[in-house]
Each structure stands twice: as structure tokens, then as C-alpha cells.
Amino acid sequence: MDRRRFLKRSIQGAGALLLLGAMGRLLARSTSDRVVYQIDPAKCKHCGKCATVCVLTRSAVKNVNNFEKCGYCEYCYGYYSDHPSSHDSKKICPNDALIRKRVGEFKYEYKIDRGKCVGCGKCVARCKKHGNGSLALQIDRKRCVDCNVCAIAQRCPAHAISAVTVKS
Ligand code: SF4
Ligand code: SF4
Ligand code: SF4
């Protein structure tokens with residue numbers, strides 16, 4: 001084989017290897033990347049649709065408490081309608097999904113029972129309006145079935161749900 005033909009074959013071989021590499025990377029990306037939906041708590045208006053529009057009988061959307069933001073208040077606006085000492089005070093959650101536990105003098109921890117929470121956002125709205133805004137609605141990744149198009153995102157009046165690409 002003369003020098004010219006040898007060089008031509010070498011260049012063709014390198015090109016084929018580069019093409020294979022690019023195809024491999026594309027394939028790896030398409031198999032490991034997936035699109036999921038998430039809620040932006042700053043945009044959410046707690047309209048109630050998260051509880052009723054999800055394709056699941058019991059919505060994939062749940063309330064979460066950011067403990068770094070939470071004030072551990074004795075009077076949690078998301079938990080009570082009025083100060084706990086008031087006889088008129090009632091629980092905000094219609095499903096009794098907020099768990100209140102005393103953790104110090106005048107200090108209370110609020111956890112969510114995910115089995116009971118339907119993602120209605122009633123507690124979240126009050127926490128955002130009157131409290132520290134530590135409660136927020138989020139799509140539970142363990143429950144969400146990753147619909148091609150999220151039914152809630154399509155109906156969300158605040159455009160608070162967006163699709164993001166994540167590694168599997
Ligand atoms: S549909 Fe949108 S605005 Fe309504 S509760 Fe869900 S995320 Fe919030
Ligand atoms: S989002 Fe609704 S169901 Fe869930 S804890 Fe808050 S009030 Fe209860
Ligand atoms: S992607 Fe489907 S299952 Fe997940 S929150 Fe939206 S409607 Fe519900």
C-alpha cells in the first residue's frame with residue numbers, strides 16, 4: 001500500500017470511530033435522561049387543582065415542610081385556623097395529614113403524613129400568607145407515573161409546573 005492510500009484509509013478509520021463515539025454518547029443520553037415535572041413553589045397559587053386533576057386517584061402531589069425555613073411555631077397557620085388556646089380554633093387540613101409534635105418549650109415540629117395528604121394546598125396557602133412559607137406542594141417522585149404530558153401542568157392557572165430533564 002502506498003503512503004497516500006495508507007493516509008486516506010487512516011483518516012476514514014478515524015472518522016468512523018468519531019461517528020461511532022458520537023452515536024454512543026447520543027444513545028447513552030437517550031437511555032439515561034428522562035423528563036419529569038416539578039412545581040415552582042414561588043409561582044403556585046394553591047388553586048386546588050393539584051388535588052383533583054392528577055391522573056392518579058390519589059394525587060402524586062404532596063405537601064412538604066422545609067424544616068430549615070419552618071419557625072416550629074406553637075400557632076402554625078397551616079395547622080390551626082386560630083391560636084390553639086382559642087375554643088374556635090380548628091385544624092386547617094381536611095384530612096388530618098399534618099402531624100404536630102412538641103419538641104421544646106413553645107416549639108412544635110410539623111410533619112406530613114404523605115398517605116393522607118392529597119395536595120390540596122390549604123395549609124400551604126396559609127403558611128405562605130401568614131408564616132415563613134416553609135410548607136410547599138411538590139410532586140412526589142415515588143408516586144408520579146411521569147405522564148408524557150402532566151395533566152396538572154396543562155390545567156395549572158399559574159404555569160407553576162415545568163418539565164425538566166434529569167439523569168435516571
Ligand atoms: S395547579 Fe398550579 S397553582 Fe394550582 S395548586 Fe397545582 S401547582 Fe399550584
Ligand atoms: S396540602 Fe391539603 S391535604 Fe396536604 S397537608 Fe396540606 S391541607 Fe392537608
Ligand atoms: S405527571 Fe401524571 S402522575 Fe405525575 S403529577 Fe402530573 S398528572 Fe400526576
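Me: Which residue in β5 stands opposite N63?

Reply: That is L137. Before going on, a word on the model: it is predicted, so local features need pLDDT of at least 70 and side-chain atom pairs count only at pLDDT 80 or more, while totals for chains, interfaces and linings use all residues. Residues are numbered from 1 along each chain as its sequence is written, chains are lettered from A and ligands numbered from 1 in the order in which they are written, and side-chain values use heavy atoms, with hydrogens and water left out.

Me: In what sense do β2 and β5 pair, and over how many bridges?

Reply: The general idea is that two strands pair if DSSP finds at least two bridges between them. Here β2 (residues 61-65) and β5 are antiparallel, with five bridges. β3 and β4 (residues 107-112) are also an antiparallel pair, over six bridges, and G104 has K107 in β4 as its bridge partner. Two residues lie between the strands of that hairpin, and F106 takes a positive phi near 60 degrees there.

Me: How many helices and strands does the chain have?

Reply: Elements are DSSP runs numbered from the N terminus: helices are H or I with at least four residues, strands are E with at least two. The chain has four helices and six strands, in the order α-β-α-β-β-β-α-β-α-β from the N terminus on.

Me: How many residues of β5 are buried?

Reply: Buried means under 20% relative accessible area, exposed over 50%, and partly exposed in between, with a 1.4 Å probe and protein chains only. In β5 (residues 135-139), four of the five residues are buried. Across the 168 residues of the chain, the buried share is 31%.

Me: Which residues of α3 are buried, and where do they fall around its axis?

Reply: In α3 (residues 122-130) they are C123, V124 and C127. The arc to look at is that of the directions from the helix axis to the C-beta atoms. The buried residues of α3 fall within an arc of 100 degrees, so they line one face of the helix. Their cover includes β2, β3 (98-104) and β5.

Me: Is S59 buried or exposed, and what is it in contact with?

Reply: S59 counts as buried because its relative accessibility is 1%. It sits in the loop between α2 (49-52) and β2. Contact means heavy atoms within 4.5 Å. Leaving aside neighbours within four places in sequence, the contacts of S59 are C50, A51, C54, V118, R143 and I152.

Me: Which residues surround ligand 3, and what is the class make-up of its shell?

Reply: A residue belongs to the surroundings if one of its heavy atoms lies within 4 Å. For ligand 3 these are C54, V55, C144, V145, C147, C150, A151 and I152. Ala, Val, Leu, Ile, Met, Phe, Trp, Tyr, Cys and Pro count as nonpolar, Asp, Glu, Lys and Arg as charged, and the others, Gly among them, as polar. The shell of ligand 3 has eight nonpolar residues, no polar and no charged ones. Ligand 1 is surrounded by 13 residues, the closest being C44, K45, C47, C50 and C156, and its shell has nine nonpolar, two polar and two charged residues.

Me: What is phi of H46, and of D146?

Reply: For H46, a residue other than glycine, phi is positive, near 55 degrees. H46 lies in the loop between β1 (33-39) and α2 and counts as buried, at 18% relative accessibility. D146, also not a glycine, has a positive phi near 50 degrees. D146 belongs to the loop between β5 and α4 (151-155) and is partly exposed, at 26% relative accessibility.
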